[in-house]
Amino acid sequence: MKYDSIGFDLDGTLWSSIPAVTQAWDIIASEYGVYKPNEEQMAGVMGLNEIQLMTKLYPDMPQDDKLVFFGKASKKCNELLAEHGGVLFDGMAETIEKLSKDFKLYIVSNCQPGYIETFLGYHKLEKYFCDFQWSGRECVPKSENIKSVINRNGFKNSIYVGDTQGDADAAYGAGVPFVFAEFGFGNVKKYDYSIEKFSDILKIVY
């Protein structure tokens, strides 16, 4: 087969956690007495790292407060998702199970610590993925995180699936082909492949 591994973004690609994320930000925003982003606004910042997200939502908030706010909101988000889970995209779980038999699967996401583990644990998908990486406190660029996963696992021919321009830029920055998930949250100018529904990835890699 052409590829030995497939990387995935998380939000807008494998699932949507917008309701839980919005609820978490709503709770912490109340504590700070600042405006509460709605679901559309939260969808618009999915895929951004910690610094980018807080700067877009609260540009005038002091930097130290942004970091504390994000930490509190992230913790609350993980708690809500651990209790209720998110919304898996149609056919995702079944397709992942099929792919895992022939490819090494991994996740690279600009998210908070514990978020990927919560996704995998609640929906019982751990056994299908061999590795994952989040951006970390240093907000390491996603392209570098994709490279790290590829290098530490010795993958030779990988491909990355995502739904935003940032995902496309990260894939190309890591030197791998990009698959645009049209059903996600963003728009992409350039891509190697596109999928209208999750199971379409099967037509690309087989």
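Predicted model: local features only at pLDDT ≥ 70, side-chain atom pairs only at ≥ 80, totals over all residues.
Is Phe198 buried or exposed? I looked it up: Phe198 has 2% relative accessibility, so it counts as buried (under 20% relative accessible area; exposed is over 50%, partly exposed in between, with a 1.4 Å probe and protein chains only).

Residues are numbered from 1 along each chain as its sequence is written, and side-chain values use heavy atoms, leaving out hydrogens and water.

Next I checked the aromatic pairs (Phe, Tyr and Trp rings, the six-membered one for Trp, with centres within 6.5 Å; planes under 30 degrees apart are stacked, over 60 edge-to-face, the rest tilted). I get 15 of them. Phe183 and Phe198 have ring centres 6.4 Å apart and planes at 50 degrees, so I logged the pair as tilted. Phe183 sits in the loop between β7 (178-181) and β8 (193-195), and Phe198 in the loop between β8 and α9 (201-205), so the pair ties together parts 15 residues apart in sequence. Helices (H or I, at least four residues) and strands (E, at least two) are DSSP runs numbered from the N terminus. Phe183 is partly exposed, at 22% relative accessible area.

Then I turned to strand β4 (residues 104-109): five of its six residues are buried, so the rest of the structure largely encloses it. β4 pairs with β1 (residues 5-8) in the parallel sense over four bridges (DSSP must find at least two bridges for a pair). Ile107 in β4 is the bridge partner of Phe8.
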